[in-house]
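I opened this notebook to record what I looked up, in the order in which I looked.

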Amino acid sequence: MLVVGLQGSPRRKGNTQFLLSTFMQAAEDLGARTSVIDVTQKEIVPCKEYTVCEKKGYCPIEDDVKYEIYPLLRQADVVVVASPIFFYNMTAQLKAVVDRCQTFWARKYKLKLKDPGAGMRRGILLAVGATKGKNLFEGLNLTTQYFFDAIWAKFENSLTYRGIEGSKDMANHPSVIEDVAKAAERLLKPFQGRKKVLFACRENACRSQMAGAFAQYLAGDKFEVTNGGSQPADQVNPDMIKAMHEKGIDMAFRVPQSIESAISNNAPDLIVTMGCGEECPHVPGAQMLDWDLPDPAGKPPDFMRAVRDEIENNVKNLIKELK
Ligand SMILES: Cc1cc2nc3c(=O)[nH]c(=O)nc-3n(C[C@H](O)[C@H](O)[C@H](O)COP(=O)(O)O)c2cc1C
C-alpha cells in the first residue's frame, strides 16, 4: 500500500513536518510504502484557469504537478494533507496544488470517468494552528473535503492541534505520538491482508495496465495490485486509454514501469503474465498464472476492445477463484 503525504509548511523542521513524519513512520511500521511531497520545494505553477482541463481533461501547464504529483495521487491508497493554518486555511503553496487538481475534478465530473482506485482511497488531514478558536480549522476542513472528493479519496479522519506556535510545540505535545499511531492503524487497516498481485506484460503500456485497472476497480478490497513490463515503454498506449474510457475507466497519469521496480516495491503473492515472453518474472514462493493474450498495440480499435474485454473476463474469473 502506498501512503502519499503532501507537506504544506514552508518552515523547516516545524510542527507540520514533525506531525507528518510521525504519521509516515507509523504507516511504515504498519507495512506501507510512503512518499512525501514537500510542496514548498517543488516547481508548482498556480492554476491559470485556461479551462483546458474542463474541456479536454488535462492541464497544459508543465511542472512538478504534472510530472510528479498527478501520477503519485493516482497511485496512492492513502493521501495525507498536512498544513499549518495560514489565515484560516492551508498554506498558499499547498492550495496551489489543490487548485491544479481541478484536472481530477474535471475528469470526474465533466468527462464522467472513474479512477480505478476510487473504491479504496482514503484521506486524512493533519493540521496545526497557533490560536485556540472554535472555527480555527473550518476553512481548511472544507477545502480538504472538496480536494479529497476530486481525487476520489474518502475523507476519513483529521488530527488538528490548537495552540501550536513555536517550532517545537508539536514535538512536545503530550499525546501526539499515541494519537498518530491510533489514527494510522485505523486508516490502514482495510489495506492490510490483501492478496498482492502483479500483472506483467512486455511494455506495461496496454495489457498489464488494463488488467491492473480492472482488478483494482472490481476488487480493490481483495487485491493490492501492481503491474510492470519486461521492456517498459515511455508512456501508456493512447489507444488503450480510449478503449478503457469507453468502459468509463480513467487511465490517465499512469507511467509504465519495469517488472523489477514493480517487484521491488511490493513482492507479489501472485504473478499473472501476459506476453512478457522469456523475461517473465520468477519470484520464489509466488503463485504463477499465464494468460495467452495477443499484443493489441498498433492494431485496429476493435482488436484493442476485444483484448480489453477478454482481460476484464479473466479478471472477473480470477476474483471468483480467489474468493
Ligand atoms: C502567514 C501566517 C499566517 C498564519 N495564520 C494563522 C491563523 O490564521 N490562525 C492561527 O491560529 N495561526 C496562524 N498562523 C500560525 C501558524 O499556524 C503556527 O505558527 C503553526 O504552528 C506553524 O506551523 P509550522 O511550524 O508547521 O509551520 C499563521 C502563521 C503564518 C506564518
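**Entry 1: cysteines**

Is Cys201 buried or exposed? I began there, noting that the model is a predicted one. Cys201 has a relative accessible area of 2%, so I recorded this residue as buried. I then looked for a bonding partner. The closest cysteine sulfur to that of Cys201 belongs to Cys276 and lies 7.4 Å away, which is too far for a bond. I next examined Cys206, which is in no disulfide; the nearest cysteine sulfur is that of Cys201, at 7.4 Å. Cys206 is also buried, its relative accessible area being 6%.

I searched the whole structure for disulfides and found one. Its partners are Cys276 and Cys280, with 2.2 Å between their sulfur atoms. I noted the torsion about the S-S bond as 100 degrees, and the link between Cys276 and Cys280 as right-handed. I checked accessibility for both partners: Cys276 counts as buried at 3%, and Cys280 is buried at 17%, the cut-off being under 20%.

**Entry 2: helix H3**

I turned to helix H3, residues 64–75, and tested its length. At 1.5 Å a residue, its 12 residues should span 16 Å; the C-alpha atoms at its ends are 16 Å apart, so the expectation and the model agree. At the start of H3, I found a side-chain oxygen of Asp63 within 3.1 Å of the backbone nitrogen of Val65.

Which residues of H3 are buried? I listed Val65, Ile69, Tyr70, Pro71, Leu72, Leu73 and Arg74. I then asked what covers them. The cover includes strands S1 (2–7), S2 (33–38) and S3 (78–84), together with helices H4 (92–100), H5 (102–109) and H6 (138–150).

**Entry 3: nonpolar cores**

I looked up the largest nonpolar core, which has 35 residues. Those with the most contacts inside this core are Leu6, Leu73, Val79, Val81, Phe147 and Ile151. Two or more residues each come from S1, H3, S3, H4, strand S4 (122–128) and H6. H3 gives the largest share, five residues.

As general background, nonpolar side chains tend to be buried together in soluble globular proteins.

Note on methods. Residues numbered from 1 in each chain as written. Predicted model: local features only at pLDDT ≥ 70, side-chain atom pairs only at ≥ 80, totals over all residues. Heavy atoms only, no water. Disulfide = S-S within 2.5 Å. Buried < 20%, exposed > 50% of the residue type's maximum accessible area, 1.4 Å probe, protein only. Helix = DSSP H or I, 4+ residues; strand = E, 2+ residues; numbered from the N terminus. Expected span 1.5 Å × (residues − 1). Contact = heavy atoms within 4.5 Å. Polar contact = N/O pair within 3.5 Å; in protein donor to acceptor, adjacent residues only side chain to side chain. Core = buried A, V, L, I, M, F, W, Y, C linked by side-chain atoms within 4.5 Å.
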